[in-house]
Amino acid sequence: MTVTIRVFASLREEIGRSTWQETLAEGSDSDALLAALSARHESISRLRPSIRLAINDQWASAAVRLSDGDEVALLTPVSGG
Amino acid sequence: MKFTAPIHVGIQDEPLSLDHLWHFLAQAQGGGIAIFGGTTRRITGDRVTRELSYEAHHSMALKEMRRLADEASSRWDTLRIGILHRTGVVPVSDASVLIGVATRHRGPAFEAARFLIDELKVSVPIWKKEHFEDGSVEWQGDAWLR
């Protein structure tokens, strides 16, 4: 299945792009996705302790099962306002 | 039937309009309007800021802002709620965020406005980048506030 990854702010600057597609095994969960991304991106690995996920515009807890077409945002600590 | 306060949330690059927000809130014809404005501070400790810039996960930020407004509406006796956040460059003294609440009586206006800015800072996916006078630049947000 394919999910869309979105990153913002410092993570977007470090990776050099704001969005891309990831192909995952059917039935993968968000923990597996994060592990795969950490293995490929040093910045994601380094910032992993402070990264929280949002799936389809909603905050996600750990190990959420993903579906084809999901949008997964990797969010660093927010600082609005 | 429970009354749901009209809510307006928005994100824009253009400067935020206090007049526009006040006019929206005044239509409630209540007894109180409280507006909080978050502005770009010039001095923090020994560092001088030239400007702030903001980036948003737009679609999610709007949903979170609406969710917070809905929660405030159910917890306090509010008539109207408006939350506006700016993206892009926000110069010193400009507002990056305006939060407004119209109520029948003044107490809930202050309380709901306080709740909304405190919660926005914790859960709305927007990030600020600080540009200092000495040329250095830093994304803010080392740790989650909650």
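Q: What percentage of the 81 residues of chain A count as buried?
A: This is a predicted model, in which local features need pLDDT of at least 70, side-chain atom pairs count only at pLDDT 80 or more, and totals for chains, interfaces and linings use all residues. Residues are numbered from 1 along each chain as its sequence is written, with chains lettered from A and ligands numbered from 1 in the order in which they are written. A residue is buried if 20 or more other C-beta atoms, placed from the backbone, lie within 10 Å of its own. For chain A the share is 30%.

Q: Which strands of chain A stand at the edges of the sheet?
A: Helices (H or I, at least four residues) and strands (E, at least two) are DSSP runs, numbered from the N terminus, and two strands pair if DSSP finds at least two bridges between them. The open sheet of chain A has the order β2-β1-β5-β3-β4, with mixed pairing. Each edge strand has a single partner, so one side of it is left without a neighbour in the sheet; these are β2 (19–23) and β4 (58–59).

Q: Which residue stands opposite A:Ile55?
A: Strand β3 (residues 52–55) of chain A runs antiparallel to β5(A), joined by four bridges. The residue in β5(A) opposite A:Ile55 is A:Val72.

Q: How many residues of chain B are in contact with chain A?
A: Two residues are in contact if their C-beta atoms, placed from the backbone, lie within 7 Å. On the chain A side, 15 residues take part; on the chain B side, the number is 24.

Technical notes:
Buried ≥ 20, exposed ≤ 12 C-beta atoms within 10 Å, placed from the backbone.
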